[in-house]
Amino acid sequence: MAPPAARLARLSRSVSFSACHRLHSKSLSDEENLKLFGKCNNPNGHGHNYKVIVTVRGEIDPISGMVINLTDLKQYMQEAIVEPLDHKNLDKDVPYFAEVVSTTENVAVFIWENLKKLLPMGTLYKVKVYETDQNIVVYKGEETISEK
Ligand SMILES: Nc1nc2c(c(=O)[nH]1)N=C([C@H](O)[C@H](O)COP(=O)(O)OP(=O)(O)OP(=O)(O)O)CN2
Ligand SMILES: [Zn+2]
């Protein structure tokens with residue numbers, strides 16, 4: 001009898017963290033920063049309650065019935081997201097953002113790179129970051145817009 005077909009599934013888990021930041025690029029003058037980022041360039045910063053949804057993709061293990069144990073994913077997200085970012089000033093407390101503007105796009109990239117180091121190779125599928133309910137970024141590890 002043929003073995004049962006492997007089934008591919010996507011599994012997601014969410015986590016929240018609170019942080020403050022200031023949008024400011026070292027490549028621009030103070031005037032240019034103010035013009036580009038407006039109120040988000042306020043020198044004393046502003047805060048957000050971020051929400052992150054991480055999606056992992058893989059085959060459902062026929063023995064465990066899991067793509068990944070959610071208990072493990074929870075721990076990886078704690079290590080990759082909550083510990084470095086929660087209750088932090090992103091620009092001052094997180095070395096990555098010393099040279100990288102702390103936009104939601106770059107927060108998503110930071111989380112992707114951290115998670116990639118912890119998860120089984122090739123399983124990280126999507127990182128979705130809600131800066132607010134209205135401002136949302138999806139990052140899937142792509143490095144450029146590929147030409148067809
Ligand atoms: N491409 C991006 N643009 C902006 C980002 C970003 O991460 N990527 N971030 C900001 C600011 O951080 C800012 O907090 C967002 O402010 P605002 O547009 O005012 O968003 P709100 O949801 O708070 O405002 P509403 O007007 O109530 O929607 C700016 N740009
Ligand atoms: Zn902001």
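Because the model is predicted, local features are reported only at pLDDT of at least 70 and side-chain atom pairs only at pLDDT 80 or more, while totals for chains, interfaces and linings use all residues. Residues are numbered from 1 along each chain as its sequence is written, and chains are lettered from A and ligands numbered from 1 in the order in which they are written. In terms of pLDDT, the predictor's confidence in each residue from 0 to 100, the protein has a mean of 96, with 99% of its residues at 70 or more. For the complex, the predictor gives an ipTM of 0.92 and a pTM of 0.95.

Helices (H or I, at least four residues) and strands (E, at least two) are DSSP runs numbered from the N terminus, and two strands are said to pair if DSSP finds at least two bridges between them. Strand 4 (residues 124-130) has pairings with two others. With strand 2 (residues 46-59), strand 4 forms an antiparallel pairing over 6 bridges, in which Val52 has Val129 of strand 4 as its bridge partner. Strand 4 also pairs with strand 5 (residues 136-139) in the antiparallel sense, over 4 bridges; here Tyr130 is bridged to Ile136 of strand 5.

An unreviewed UniProt entry places the feature "active site" at Cys40, His87 and Glu131; UniProt positions follow the numbering used here, feature names are shortened, and annotations may be inferred rather than shown by experiment. Cys40 sits in the loop between helix 1 (30-37) and strand 2. On a scale where a residue is buried with 20 or more other C-beta atoms within 10 Å of its own, exposed with 12 or fewer and partly exposed in between, C-beta atoms being placed from the backbone, Cys40 is partly exposed because it has 16 such neighbours. His87, in the loop between helix 2 (70-85) and strand 3 (88-89), is exposed because 11 other C-beta atoms lie within 10 Å. Contacts are pairs whose C-beta atoms, placed from the backbone, lie within 7 Å. Leaving aside residues up to four places away in sequence, Cys40 touches Leu23 and His46, and His87 touches Ser18 and Ala19.

Terms used: Contact = placed C-beta atoms within 7 Å.
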